[in-house]
Amino acid sequence: DVYLNKQITLSNGIIVREEDYSYLKNHSIKIWNSPLSILYGMKDNLIKLESIQKFVFKNNCKLIVSNESAHYFHTEEDIKKIVLWLNQID
């Protein structure tokens, strides 16, 4: 299907599948009804810290920052950070 292979470039330069972007745009959550905690890597090259901070403020979330991690938490140290983060969630 040609539609599935279409890509769009977001204003921040990130390229995403049009199908994924359309789905998220049409099914966005307006209000979070349960507590939300975010683990963010300071070396994230896809999502800026400022964007996360705006989201956290708007949605009253808990934010945990890993100074050594990138967007994809995949190293052995990242996995340890994920376990610690999961144990802190109420």
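This is a predicted model: local features need pLDDT of at least 70, side-chain atom pairs count only at pLDDT 80 or more; totals for chains, interfaces and linings use all residues.
Residues are numbered from 1 along each chain as its sequence is written, and side-chain values use heavy atoms, leaving out hydrogens and water.

Okay, salt bridges, meaning a side-chain nitrogen of Lys or Arg within 4 Å of a carboxyl oxygen of Asp or Glu. The count comes to 4. Arg 17 pairs with Glu 19, closest N and O atoms 3.1 Å apart, and Asp 20 joins those two in a network. Arg 17 is partly exposed at 37% relative accessibility (that's between buried, under 20%, and exposed, over 50%, with a 1.4 Å probe and protein chains only).

Next, Glu 68 and Lys 81 meet at 3.1 Å, N to O. Glu 68 sits in the loop between strand S4 (62-66) and helix H3 (76-88), and Lys 81 in H3, so the pair ties together parts 13 residues apart in sequence. Helices here are DSSP runs of H or I, at least four residues, and strands are E, at least two. Also in H3, Lys 80 and Glu 77 lie 3 residues apart, about one turn, and bridge at 3.3 Å.

Now, which residues are closest to the centre of the largest pocket? Leu 10, Leu 24, Ile 47, Ser 51 and Phe 55, out of 25 lining it. A pocket is an open set of points on a 1 Å grid over the protein atoms alone, where a 1.4 Å probe fits, with protein on both sides within 12 Å along at least five of seven lines; lining residues have an atom within 4 Å of a point. H2 gives the largest share of the lining, 5 residues.
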